[in-house]
Amino acid sequence: MKINIITLGCSKNNVDSEVLAAQFQRKGHTVFHNSIKENGIDIVVINTCAFIQDAKSQAVDEILLQVERKKLGFIKKVYVIGCLAQRYKDDLLASIPELDGVYPFAQVGDLLGEPKFDLLGSSERILSTPPHYAYLKISEGCDRQCSYCAIPLIRGKQVSKPVEALVRETELLAEQGVKELMLIAQDLTYYGMDLYQRRDLERLLRKIAQVKGIEWIRLHYAYPINFPYEYLQIY
């Protein structure tokens, strides 16, 4: 089948879509990221955001657009995953019955015909970015309870990916020609507290900076940090 994955929201969603694309491809499907030109698409998977009202509205508009395209016969099935699916599954199914499935994070494996889809477990990805840079998700969720933020409710508590696994993922990205890494997490500076009982971003940066081929490392979604800036530029 031809599968088009439409990704909305933050760069963490980009990584989730890239992992999902690789798993679809491993099963023999042809996968596209955000394709508007490819004909004969069988399935559209919409990876949604639900962080703020504008993001919810954008996601609902995209869902309705793809459902309309399904009615016109341009595509066969429409599935919804991501934060909107996690938070509003029942509402989506009730209000848009034309959807073929809405999958919260714990159920995305059902879409793949597998028991589980691990948001942090796989290093195999089909990149949606230009070939010179890629995102590296180092943790998922957040332990903080900020009154304005629904991330702990949607994504759960902080779960860090081990340093060794991130180094290996960086090596795989470098082998594909990636020169610039963008580290992403809900709270980058809290990295490692759940695994190592300490803030361990500095050690992670030192390790991935040693990977041959990586020239730049940038931090996204981070609170202020005290690392010398030269750690983030590799010559």
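Helix α6 passes helix α8 in a right-handed crossing, meaning that the near helix is turned clockwise from the far one by less than a right angle. The model is predicted, so local features need pLDDT of at least 70 and side-chain atom pairs pLDDT 80 or more, whereas totals for chains, interfaces and linings use all residues. Residues are numbered from 1 along each chain as its sequence is written, and side-chain values use heavy atoms, without hydrogens and water.

The axes of α6 and α8 come within 9 Å and cross at roughly 30°. These axes are lines fitted to C-alpha atoms over the stretch in contact, with angles from 0 to 180 degrees between N-to-C directions. The two helices are therefore roughly parallel (under 35 degrees). Val163, Leu166, Val167 and Thr170 in α6 meet Arg203, Leu204, Lys207 and Ile208 in α8 (heavy atoms within 4.5 Å).

Helix α8 spans residues 201–209. Helices are DSSP runs (H or I, at least four residues), as are strands (E, at least two), numbered from the N terminus. In α8, Leu201, Leu204, Leu205 and Ile208 are buried (under 20% relative accessible area, 1.4 Å probe, protein chains only). They cover an arc of only 100° around the axis, so they lie on the same side of α8. The arc is taken from the directions from the helix axis to the C-beta atoms. Their cover includes β6 (133–137), α6 (163–175), β9 (180–184) and β10 (216–219).

Gln197 lies in the loop between α7 (193–196) and α8. Its phi is positive, about 60°, although Gln197 is not a glycine. Gln197 is exposed (over 50%), with a relative accessible area of 60%.

Conventions
Parallel < 35°, antiparallel > 145°, perpendicular 65-115°, else oblique.
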